[in-house]
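Here are my notes on the model you sent over.

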Amino acid sequence: MQYRKFGNTGIDISILGFGAMRLPEIQKGDDFFIDEEKAFPLMQKAQELGVNYFDSAPYYCHKNSEAAMGKALKGLRDKVYLSTKLPFAEYKAKGDVRRILEGSLKRMETDYVDFYHFWGINKGTAETIIKDDIMAEVNELKEEGLLKFISFSFHDAPENIKFIVDNLDFASILCQYNLLDRSHEEMIEYTYNKGLGTVIMGPVGGGRLSPPTDLYQKLTGKKSNATYELALRFVLGNPNVSCALSGMENMDMLEKNVAVANNAGEITETEWTELKAAMEEVAKLRDLYCTGCKYCMPCPASIDIPKLFEYYIHTNVFGLGDGIRGSYQFYKKSPWGEGKTFADCTDCGLCETKCPQKLSIRKELERVCAVLEAL
């Protein structure tokens, strides 16, 4: 595993981070539980292979992610850096940061968290943090040793990153960046120069760059391969990036990502030129930019929006319609409570209020389901 300096923290961070957002789960009735027999060895193996940055949040995996990550890594606490998040919407009054953080620490069975993120803040929430001096509360907890570093995650317009890092004292940023979305590239360089560590979420576009495609062959001259390798190399080839965070679901995904990270060097100038020349071709994939974050869930009408969008992406972008046809039919007939489509949408719009990408989900869902029905 390769490591990079993590901003001005004094820490060397693994260039591959483990995102505990998609841990394997078991469903029993209406309830979901972490599949500990799969999830625990997965996180422990990641640490064994050199991953030292693990990221969670209170709502991940039906609110079970923090506890699972804490239990799996409890015996390895001195070898890993744990990251979790402060849901800013839950902050109502002074003292709430302590209450929320202590809840996370209890679930994670640890005395402190290494990186505590203001979760998904934007310029408006940053202004509130400044006006209400909320950073003073967090710094007090830092002085008590309940957290080591203060960070933030971000889904807002790229230009607002500058306002946040210029006006608030953060150690690191977690933001989106990949082959398909380079909108944060300039600000990533800016935060690097300001001394912040940079962790990238969505390095393979929420899975859109995972399947084998001819793009890999066109850009590298090698036989067609899983484009995730090229996608990860692109992100890690940016010298201003500290770590690429991957939501790894199984051992195969972990081992493949580690193999790429172990051999990831900075992309040469020639390769960068080739990649930039290919951006026009890749841009067509942006017609539906769902990252699979599942923030839109649960849907009141029980429509699995991310799953349907995933089927569409694999069909329309990667030409996998033959395989998706069977998956979609199985989805519609599934005995586990799935099967709802746009025909079941009540037009409530709740999903759109929670989408970090500001997608017009209802309109896109209608289009997506029409494509899938025609397979």
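**Notes on the predicted model**

1. Let's start with L147. Setting aside neighbours within four places in sequence, L147 is in contact with L101, Y112, V113, Y116, V138, L141 and K142. L147 sits in strand β9 and has a relative accessible area of 1%. The cut-off for buried is under 20%, so L147 counts as buried. If you want a distance to check, the C-alpha atoms of L147 and D114 are 5.5 Å apart, although 33 residues separate the two along the chain.

2. Now zoom out. The protein has 17 helices and 14 strands. Of its 375 residues, 53% are buried. Take the contacts between residues at least 6 apart in sequence: 72% of them join residues at least 24 apart.

3. How do the eight strands of the barrel follow one another? The order is β3-β6-β7-β8-β9-β10-β11-β14, with parallel pairing, and the strands close into a barrel. On average, neighbouring strands of this sheet are turned by 30 degrees against each other, direction ignored.

4. Two of the strand pairs are worth a click. Strand β7 (residues 81-86) pairs with β8 in the parallel sense over four bridges, and S83 has F115 in β8 as its bridge partner.

5. Is β8 enclosed or open? Eight of its nine residues are buried, so β8 is largely enclosed by the rest of the structure.

6. On to the helices. Helix α7 (residues 159-167) lies across β8 (113-121), β9 (147-154) and β10, and runs at about 155 degrees to β9. The cut-off for roughly antiparallel is over 145 degrees, so α7 and β9 fall in that class.

7. Helix α7 also packs against α5 (residues 123-131). For any two packed helices, the description comes down to the angle between their axes and the distance between the axes. Here the angle is about 15 degrees and the axes are 9 Å apart. The two helices, α5 and α7, are therefore roughly parallel to each other, and their crossing is left-handed.

8. Which residues make up the contact of α5 with α7? From α5 come K123, A126, E127 and I130, and they meet N160, F163, I164 and N167 in α7. By class, the residues of this contact divide into four nonpolar, two polar and two charged.

9. Some backbone geometry to check by eye. H62, in helix α2 (residues 60-63), has phi near 55 degrees, a positive value in a residue other than glycine. H62 is partly exposed, with a relative accessible area of 45%. E109 likewise has a positive phi, about 55 degrees, although it is not a glycine. You'll find E109 in the loop between α4 (96-108) and β8, where it counts as partly exposed at 33% relative accessibility.

10. One last item, a peptide bond. M297 and P298 are joined by a cis peptide bond, with omega about 0 degrees. P298 lies in the loop between α13 (279-282) and α14 (305-316).

Definitions and conventions
Residues are numbered from 1 along each chain as its sequence is written. This is a predicted model: local features need pLDDT of at least 70, side-chain atom pairs count only at pLDDT 80 or more; totals for chains, interfaces and linings use all residues. Side-chain values use heavy atoms; hydrogens and water are left out. Two strands pair if DSSP finds at least two bridges between them. Axes are lines fitted to C-alpha atoms, for helices over the stretch in contact, and angles run from 0 to 180 degrees between N-to-C directions. Contact means heavy atoms within 4.5 Å. Angles under 35 degrees count as roughly parallel, over 145 as roughly antiparallel, 65 to 115 as roughly perpendicular and the rest as oblique. A crossing is left-handed if the near helix is turned anticlockwise from the far one by less than a right angle, and right-handed if clockwise. Ala, Val, Leu, Ile, Met, Phe, Trp, Tyr, Cys and Pro count as nonpolar, Asp, Glu, Lys and Arg as charged, and the others, Gly among them, as polar. Buried means under 20% relative accessible area, exposed over 50%, partly exposed in between (1.4 Å probe, protein chains only).
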